[in-house]
Amino acid sequence: MSKPWIFVSPSSRGIGHALTAHLLRSTTLPILATARSDLSGVKESLIAAALGNASQINREDGASRLHVTYLDVTDESSVRAASEKAAELFPPSSHHLHLAFALPGVLRPEKQPRQVVYDDALETFKVNVLGPLMLMKWFGGFLPRRGTDLSDVRARASGDSDNGANSGDDGGADRLRLPAHATWLTNSARVGSTADNRLGGWYSYRASKAGVNSITKSFDLHLRTHSADKAVAVAYHPGTVKTGLSREFWGNVAEGKLFSPEFAVRKMLEVITSRTVEDRGRCWDWKGEEVLP
């Protein structure tokens with residue numbers, strides 16, 4: 001019986017921070033989170049965000065389940081080192097990665113070709129495309145294989161095993177029910193859709209997110225061979241979220257369409273836990289609707 005764990009990269013701010021805190025609060029699974037600096041500070045911030053009103057026992061439990069390690073997606077050696085740390089914490093012989101969230105991203109919104117700066121565009125592709133690809137390379141092997149025993153996950157999904165962490169004194173009302181299959185989610189964007197491109201602009205960002213959708217599809221085809229229906233990969237569009245990435249555009253977003261990180265995380269988990277194996281390899285938005293390539 002393989003024991004599940006969760007991977008979130010990065011977790012230091014924005015959606016990644018809110019997601020890690022939510023998962024720490026709503027599951028009892030161990031979590032490997034990543035940051036590029038101040039690892040102890042990031043861990044303290046995540047525990048405070050997740051379990052600030054919880055009992056001392058629950059805070060100690062959360063601290064024991066949360067592991068924060070250094071990882072910079074533009075430095076492959078750091079990705080490899082983080083994967084080695086994961087193997088120490090969660091030996092593949094007894095554990096498998098059940099939920100993985102590859103979230104790195106930068107945005108430089110060029111309005112016309114003459115505004116594209118080569119080095120900036122190169123950095124965009126390094127973070128937005130090669131970053132998730134390196135995460136797939138070094139962490140994809142932790143996903144379950146065809147022969148992995150997922151009965152522990154099935155027991156949690158059926159309610160035979162405690163899947164939720166007590167959130168304060170409410171008995172864990174905000175519990176996440178794990179999908180029966182492992183899921184790798186790569187953060188994408190609607191602007192990565194060529195079919196939906198009606199405005200142009202944002203050259204490097206659009207192209208990078210189209211690349212995200214492409215590598216996610218290829219990775220899912222790889223998983224079909226190695227994992228069958230025990231692991232899938234999807235890309236995901238969270239909408240416009242009120243984070244530093246989108247700060248420049250907050251004033252241009254329609255009323256009700258600028259989401260808090262907490263709301264974005266709830267919608268992300270609603271979508272990811274409701275996908276079936278037939279939904280694999282595609283890009284989904286926060287409403288659960290497909291974003292066409």
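Tutor: Ring pairs join Trp5, Phe7, Phe90, Phe139 and Phe142 into a cluster. The rings considered are those of Phe, Tyr and Trp (for Trp, the six-membered ring), and two of them pair if their centres lie within 6.5 Å; planes under 30 degrees apart are called stacked, those over 60 edge-to-face, and the rest tilted. The model is a predicted one, in which local features need pLDDT of at least 70 and side-chain atom pairs count only at pLDDT 80 or more, while totals for chains, interfaces and linings use all residues. Residues are numbered from 1 along each chain as its sequence is written, and side-chain values use heavy atoms, with hydrogens and water left out.

By the ring rule, the count is 9 aromatic pairs. Trp5 and Phe90 make a stacked pair, because their ring centres are 4.4 Å apart and their planes meet at 15 degrees. This pair links distant parts of the chain: Trp5 belongs to strand S1 (residues 3-9), whereas Phe90 is in the loop between helix H4 (76-89) and strand S4 (95-102), 85 residues apart. Helices (H or I, at least four residues) and strands (E, at least two) are DSSP runs, numbered from the N terminus. Both Trp5 and Phe90 are buried; buried means under 20% relative accessible area, exposed over 50%, and partly exposed in between, for a 1.4 Å probe and protein chains only.

A second pair has another geometry. Trp202 and Tyr205 are edge-to-face, with 5.9 Å from centre to centre and 70 degrees between the planes. Trp202 is partly exposed, since its relative accessible area is 25%, whereas Tyr205, at 8%, is buried.

The peptide bond from Ser9 to Pro10 is cis, with omega near -5 degrees, and Pro10 is in the loop between S1 and H1. Most residues other than glycine have a negative phi, and most peptide bonds are trans. Asp38 has a phi near 50 degrees, a positive value in a residue other than glycine. Asp38 is in the loop between strand S2 (31-35) and helix H2 (39-51) and is exposed, because its relative accessibility is 51%. Ala228, also not a glycine, has a positive phi of about 55 degrees and lies in the loop between helix H7 (203-226) and strand S6 (231-237).

Helix H1 comes next. The expected span of a helix is 1.5 Å times one less than its number of residues. H1 is mostly covered, with 12 of its 13 residues buried; among them are Ile15, Leu19, Leu23 and Leu24. Leu24 also receives a contact from elsewhere: the side chain of Arg65 reaches the backbone oxygen of Leu24 at 2.8 Å. A polar contact is a pair of N or O atoms within 3.5 Å; within protein, one must be able to donate a hydrogen and the other to accept it, and residues adjacent in sequence count only if both atoms are side-chain atoms. Arg65 lies in helix H3 (residues 56-65) and is buried, because its relative accessible area is 7%.

Helix H8 (residues 261-274) can be checked in this way too: its 14 residues should span 20 Å, and its end C-alpha atoms are 20 Å apart, which agrees. Its buried residues include Val265, Leu269 and Ile272.

Tyr118 is in helix H5 (residues 118-139) and counts as exposed, because its relative accessibility is 63%. Pro109 is in the loop between S4 and H5 and is partly exposed, as its relative accessible area is 22%. Its C-alpha atom is 36 Å from that of His181, and the two residues are 72 residues apart along the chain.
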